[in-house]
Amino acid sequence: LYVPDLPTPGEAFAVSDGQAHYLANVMRLAEGDSLRVFNGMAGEWRAAVRKISRKAAVLEALTQTRPPAPEPDAWLCFALLKRQKTDMVVEKATELGVSVIQPIITARTNADHVNLGRLHAIATEAAEQCERLHVPEIRAPLPVMKLMADWPARPLFVADERRTAALLGPATGPTALMIGPEGGFTDQELEAIARTPIITRVSLGRRILRAETAAIAGLALHLAALP
Ligand code: SAM
């Protein structure tokens, strides 16, 4: 269970209403049962259920089962997709290990807003499922031109379906992978992206992939070899 603020061992803490519901009604835990709780800063802990009802639960962290571990500093910037596909990209990107998810709005993007709370819940569930200690930060969508205007000193790999780009390789440090919209970037957007100092156009193979396939395949190629 992901607990953003784990108190010191021996101190009781309450979980959110939604988590209490999950523990009581889905996992059917009772007082005295134990479970694993985690967050990126504290690592993973075995915790005991001290009080539980259908709507509230109080736990107590007992012993650490996994210390906090550093994770790749990898961003995914992707042109916002329809809701179901956005959900899938957030889930899979969390499993594959990104640290930040930045949805972008482009001239050819149909959607322009997301429910950040919902996406955070999807990422949290994915982290729990794949035993990842960190839940990626999900940022509010930004127009690609604005994102490029304020781009930090971070190598940017832009997935480009044209054959001239070299195959995307493994990340070697902080990185960002950018995936365009279904209709592709406009020339003006491509120019703004190309002005970024540390940018590489990268290929994900010779077929034109759907944007969500490109995001998942790209992250796997880029992050799988990292420790
Ligand atoms: N420009 C396109 C068009 O409308 O014909 C296709 C866009 S593609 C469906 C969506 C995004 O996925 C692209 O902007 C690119 O970032 C990424 N992509 C798809 N296939 C790719 C490939 N083979 N190599 C690199 N990136 C790819």
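Let's start with a hairpin. Strands β2 and β3 form it, with 3 residues between them. Strands here are DSSP runs of E, at least two residues long, and helices are runs of H or I, at least four residues long, numbered from the N terminus. The two strands run antiparallel, and 6 bridges join them. Two strands count as paired if DSSP finds at least two bridges between them. Look for V37: its bridge partner in β3 is W45.

A word on what you are looking at. This is a predicted model, where local features need pLDDT of at least 70, side-chain atom pairs count only at pLDDT 80 or more, and totals for chains, interfaces and linings use all residues. Residues are numbered from 1 along each chain as its sequence is written. The chain averages a pLDDT of 93, and 100% of the residues score at least 70. pLDDT is the predictor's confidence in each residue, from 0 to 100. The model scores ipTM 0.97 and pTM 0.90.

β1 pairs with β4, residues 57–66, in the antiparallel sense over 3 bridges. There, F13 stands opposite L59 in β4. Contact means that the C-beta atoms of two residues, placed from the backbone, lie within 7 Å.

R28 has a positive phi of about 55°, although it is not a glycine. Most residues other than glycine have a negative phi. Is R28 buried or exposed? R28 is exposed, because it has 9 other C-beta atoms within 10 Å. The cut-offs: buried means 20 or more other C-beta atoms within 10 Å of a residue's own, exposed means 12 or fewer, and partly exposed lies in between, with C-beta atoms placed from the backbone.

E131 has a positive phi too, of about 60°, and is not a glycine. E131 sits in the loop between α3, residues 116–129, and β7, residues 137–138. E131 counts as exposed, because 10 other C-beta atoms lie within 10 Å.

Step back to the whole chain. It is divided into domain 1, residues 12–66, and domain 2, residues 74–223. Those bounds come from an automatic or database domain assignment. The centres of domain 1 and domain 2, taken over C-alpha atoms, are 33 Å apart. Between β4 and β5 there is a loop, and P67 is found in it. P67 counts as exposed, because it has 9 C-beta neighbours inside 10 Å. P67 and L133 are 66 residues apart in sequence, yet 9.4 Å apart in space, C-alpha to C-alpha.

How many of the 6 residues of β5 are buried? The count is 6 of 6. In a regular strand the side chains alternate between the two faces of the sheet. Both faces of β5 are covered: A74, L76 and F78 are buried on one side, and W75, C77 and A79 on the other.

Which strands pair with β5? One is β11, residues 175–179, in the parallel sense over 5 bridges. L76 stands opposite L177 in β11. Another is β6, residues 100–105, also parallel over 5 bridges. Here C77 stands opposite Q102. β5, helix α2 (residues 83–96) and β6 make a right-handed β-α-β unit. Right-handed means that, with the strands pointing away from the viewer, the path from the first strand over the helix to the second runs clockwise.

Last, some totals. The chain has 6 helices and 12 strands. Of its 227 residues, 35% count as buried. Along its principal axes, the C-alpha trace spans about 60 × 35 × 30 Å. Among contacts with a separation of 6 or more, 70% join residues 24 or more positions apart.
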